[in-house]
Amino acid sequence: MIKKITIAALLGFPLIFLSCGQSSEVRPFSLGKAQSPVKYPELDIDNELYSSLSEKDLFLKGRSKIAHVSDVHHYARSLYDPASAGFEEFSRNNEGRTVLYTTEMMEILKADLLSRGVSTLLLSGDLSVLGTRATHEEMADILGGFEDDGIHVFITTGNHDINNPRAFRIVGSGTESVPSVTPEEFREIYEDFGFNEALLNDPTSLSYLVALEDDVLLLSLDSSYYQDNYHWGYSVARGGFNPEQYDFVLEALKRAEGKRVIMMSHHNLLRHYEIGLDLSNFMVNDENRMLNLLMDHGVKIGLSGHIHKSDIKEYLRGDNSFYGLTTGSLQIYPHSYRLIGWDDEELYISTADLRDNMLRDGQQAILNYNRDIGIARSYTGRYERLLEDASEEDARLMAEYFFLVNLYAQQGLEAYLPSSILQSGGLELLMASGNRMSGFARSLPLDSYPDDRNFRLKW
């Protein structure tokens with residue numbers, strides 16, 4: 001199948017099909033001009049604020065400690081030459097993400113978790129960026145290293161991971177198709193990270209129930225729609241469950257009776273932003289059905305990723321609450337993730353990132369590279385689009401506001417946005433411009449409860 005690769009294709013939109021049939025020929029990229037990394041020292045999280053909040057990490061109160069990481073978006077080193085023109089363009093244009101250092105980021109993460117006494121790592125999908133078999137095999141080897149060092153790993157699927165029609169390797173300035181994985185192959189590759197230890201496996205999906213402790217279970221739900229990816233020609237972003245999965249979940253919850261359950265999926269059961277953004281691609285279909293089933297059996301917490309933000313949302317039903325916890329993408333600066341601790345009465349949630357570890361361990365070059373790629377895509381790209389209808393100064397203020405509120409939101413810090421950002425005039429200009437993202441930018445600082453960074457709940 002000969003495909004024209006466009007920016008839209010790399011960002012997850014449908015590919016343009018030129019003809020039918022299989023082909024392994026090298027195809028040129030058609031990405032437009034890639035952004036060069038540039039440094040904007042002022043576009044960062046206030047370090048004094050970050051340090052003061054980090055000292056109050058609640059997860060330390062728990063007797064048990066786990067980490068929740070999502071959206072690693074790994075890409076096997078065997079699939080590209082970092083010096084090639086094709087990789088340069090791919091990394092610059094991939095939604096501000098960079099795949100060059102994901103192997104190093106996972107090693108830095110492991111060191112960070114070991115230093116914190118974390119015993120279990122939960123990965124909520126998008127282990128890969130293009131779903132290639134080589135990438136999954138390499139990621140399984142990386143996760144095996146976590147297990148070898150005493151960190152238990154449990155995974156679930158993401159929308160990028162299975163039956164991905166865009167699975168390719170980069171050759172020179174073009175691409176060549178390579179195999180993705182089927183659901184069966186995904187399970188075989190990752191069998192040691194949840195499936196083989198499961199108390200119960202769903203025969204109709206890659207969902208399973210497994211024990212984290214004697215009285216705490218993990219319900220890992222396969223929420224990805226990968227069955228029709230090849231029909232559509234792209235990985236379907238929205239999630240959902242097949243009818244038989246509800247039967248499996250009911251059986252799993254009955255088996256878990258009398259024990260606490262943490263649910264994990266890639267897609268979200270709750271809306272994490274209410275204003276100015278279509279969240280349909282981040283949600284599961286018929287979310288209320290699954291939500292009510294979980295709450296009927298006392299489940300109070302669901303972990304997810306996909307949205308690349310650290311957010312906590314509470315859903316009330318009578319006297320009962322369900323909390324949806326999302327986390328940022330490990331791949332995107334500032335490389336944030338969740339820390340969760342618990343005891344018999346309460347569950348404690350904190351947020352961390354890898355910046356301090358990277359600076360302490362001499363990895364500043366990697367940190368700077370990742371940050372500059374994010375700025376080049378997320379700030380510079382937006383700035384240049386805003387310049388079409390605004391002056392240079394107004395475009396700068398709007399782009400800076402949008403970039404910074406998103407950066408703080410990745411860390412669950414939007415409630416702590418400095419007044420210098422809020423009073424910069426960037427939001428007012430965005431609202432007056434009628435920009436389609438202005439409502440979303442306005443909504444982020446309004447998200448003050450629950451505290452998205454440090455939170456505790458009775459369970």
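Because the model is predicted, local features need pLDDT of at least 70 and side-chain atom pairs count only at pLDDT 80 or more, whereas totals for chains, interfaces and linings use all residues. Residues are numbered from 1 along each chain as its sequence is written, and side-chain values use heavy atoms, with hydrogens and water left out.

Helices (H or I, at least four residues) and strands (E, at least two) are DSSP runs, numbered from the N terminus. Two strands pair if DSSP finds at least two bridges between them. An open sheet of 6 strands runs in the order β6-β5-β4-β16-β17-β18, with mixed pairing. Its edges are β6 (152-156) and β18 (455-458), each with a single partner strand, so one side of each has no neighbour in the sheet. From one strand to the next, the twist averages 20 degrees. Strand β5 (residues 120-124) pairs with β6 in the parallel sense over 5 bridges, and Thr120 has His152 in β6 as its bridge partner. Helix α5 (residues 133-148) packs on this sheet and touches β5 and β6, its direction making about 145 degrees with that of β6. Contact here means heavy atoms within 4.5 Å. Axes are lines fitted to C-alpha atoms, for helices over the stretch in contact, and angles run from 0 to 180 degrees between N-to-C directions.

Another open sheet has 7 strands in the order β9-β10-β11-β12-β13-β15-β14, again with mixed pairing. Here β9 (200-201) and β14 (311-317) stand at the edges; each has a single partner strand, so one side of each is left without a neighbour in the sheet. Strands β14 and β15 pair in the antiparallel sense over 7 bridges, and the bridge partner of Asp311 in β15 is Thr326. Helix α10 packs on the sheet, touching β11 (216-220), β12 (260-264), β14 and β15, and its direction makes about 75 degrees with that of β14.

Helix α10 (residues 287-296) also meets helix α9 (residues 243-255): their axes come within 10 Å and cross at roughly 15 degrees. That makes α9 roughly parallel to α10; angles under 35 degrees count as roughly parallel, over 145 as roughly antiparallel, 65 to 115 as roughly perpendicular and the rest as oblique. Tyr246, Val249, Leu250 and Leu253 in α9 meet Arg289, Met290, Leu293 and Leu294 in α10. By class, this contact has 7 nonpolar, no polar and 1 charged residues. Ala, Val, Leu, Ile, Met, Phe, Trp, Tyr, Cys and Pro count as nonpolar, Asp, Glu, Lys and Arg as charged, and the others, Gly among them, as polar.

In another helix pair, the axes of α12 (residues 364-386) and α13 (residues 392-410) come within 8 Å and cross at roughly 140 degrees. This angle makes α12 oblique to α13. The α12 residues in the contact include Gly374, Tyr379 and Leu386, and those of α13 include Glu392, Met398 and Phe403. The residues of this contact divide into 9 nonpolar, 2 polar and 4 charged.

Two local backbone features remain. Most residues other than glycine have a negative phi, and most peptide bonds are trans. Asp71 has a positive phi of about 55 degrees although it is not a glycine, and Asp71 is found in the loop between β4 (64-69) and α3. A cis peptide bond, with omega about 10 degrees, joins Tyr333 and Pro334. Pro334 is placed in the loop between β15 (320-326) and β16 (336-342).
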